Amino acid sequence: MSTFHATTIFAVQHNGQCAMSGDGQVTFGNAVVMKHTARKVRKLFNGRILAGFAGSVADAFTLFEMFEAKLEEYNGNIQRSAVELAKEWRSDKVLRKLEAMLIVMDESSMLLVSGTGEVIEPDDGILAIGSGGNYALSAGRALKRYAGEHMTAREIAKASLETAGEICVYTNDNIIVEEL
């Protein structure tokens, strides 16, 4: 049986602003688009934290719930919550099989969280995951580097996903952008 997968999530901090974008495509196997309007970027913890997922949809919802529980437990501390989620994800025999990745961010931090125990904070305030992640990352780095004050974080996030959607067959142009 094939699994649901494939997406692109992009996050950027630029000029004191934060934005995360994600496309809406859910692919079944390698040949069928099952949904065009999935929402893979969400606000958590009373709208103070953004989270986006790439990977299996059911697994990602499990991780959203677990991360939100960690945020409650650690009073919104995104770094501690991410580390504790990664530790639990990696060490639990059932959770270890979850196939997804998360990008989480608040106004001051941005982290990639994976099931292999990775919690990575980027040097340049940009992260991208999913099948179109490298395309969005490249576009986003160029836009951020040369935009200066001419583009907002929201505009960079949207344009980066649009570029990825033009190249990656697993990324569509139904783009959701959330901001902090």
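I count rings of Phe, Tyr and Trp (its six-membered ring) as a pair if their centres lie within 6.5 Å; planes under 30 degrees apart are stacked, over 60 edge-to-face and the rest tilted. The model is predicted, so I note that local features need pLDDT of at least 70 and side-chain atom pairs pLDDT 80 or more, while totals for chains, interfaces and linings use all residues. Residues are numbered from 1 along each chain as its sequence is written, and side-chain values use heavy atoms, with hydrogens and water left out.

**Aromatic rings**

I found three aromatic pairs in the structure. Phe 53 and Phe 64 form an edge-to-face pair, at 5.5 Å centre to centre and 80° between the planes. Phe 53 belongs to strand β7 and Phe 64 to helix α1, so this pair ties together parts eleven residues apart in sequence. Helices (H or I, at least four residues) and strands (E, at least two) are DSSP runs, numbered from the N terminus. I looked up burial as well (buried is under 20% relative accessible area, exposed over 50%, partly exposed in between; 1.4 Å probe, protein chains only). Phe 53 is buried at 2%, and Phe 64 is buried at 6%. Ring pairs join Phe 53, Phe 61 and Phe 64 into a cluster.

**Nonpolar cores**

I take a nonpolar core as a set of buried Ala, Val, Leu, Ile, Met, Phe, Trp, Tyr and Cys residues joined through side-chain atoms within 4.5 Å. The largest has 23 residues, of which Leu 63, Phe 67, Leu 85, Leu 102, Val 104 and Val 113 touch the most other members. I see at least two residues of this core supplied by each of β7, α1, α2, β8 and β9. Helix α1 gives the largest share, six residues. Apart from this core lies another of 15 residues, including Ala 19 and Ala 136.

**Thr 7**

I located Thr 7 in the loop between β1 and β2. Thr 7 is buried, with a relative accessible area of 2%. Its contacts (heavy atoms within 4.5 Å), beyond neighbours within four places in sequence, include Phe 53, Ile 129 and Tyr 170.

**Sheet**

I traced an open sheet of four strands in the order β11-β2-β3-β12, with antiparallel pairing; two strands pair if DSSP finds at least two bridges between them. Strands β11 and β12 stand at the edges with a single partner each, so one side of each has no neighbour in the sheet. The twist averages 10° from one strand to the next. Six bridges join β2 to β3, and Val 12 has Ala 19 as its bridge partner in β3.

Technical notes
Axes are lines fitted to C-alpha atoms, for helices over the stretch in contact, and angles run from 0 to 180 degrees between N-to-C directions.
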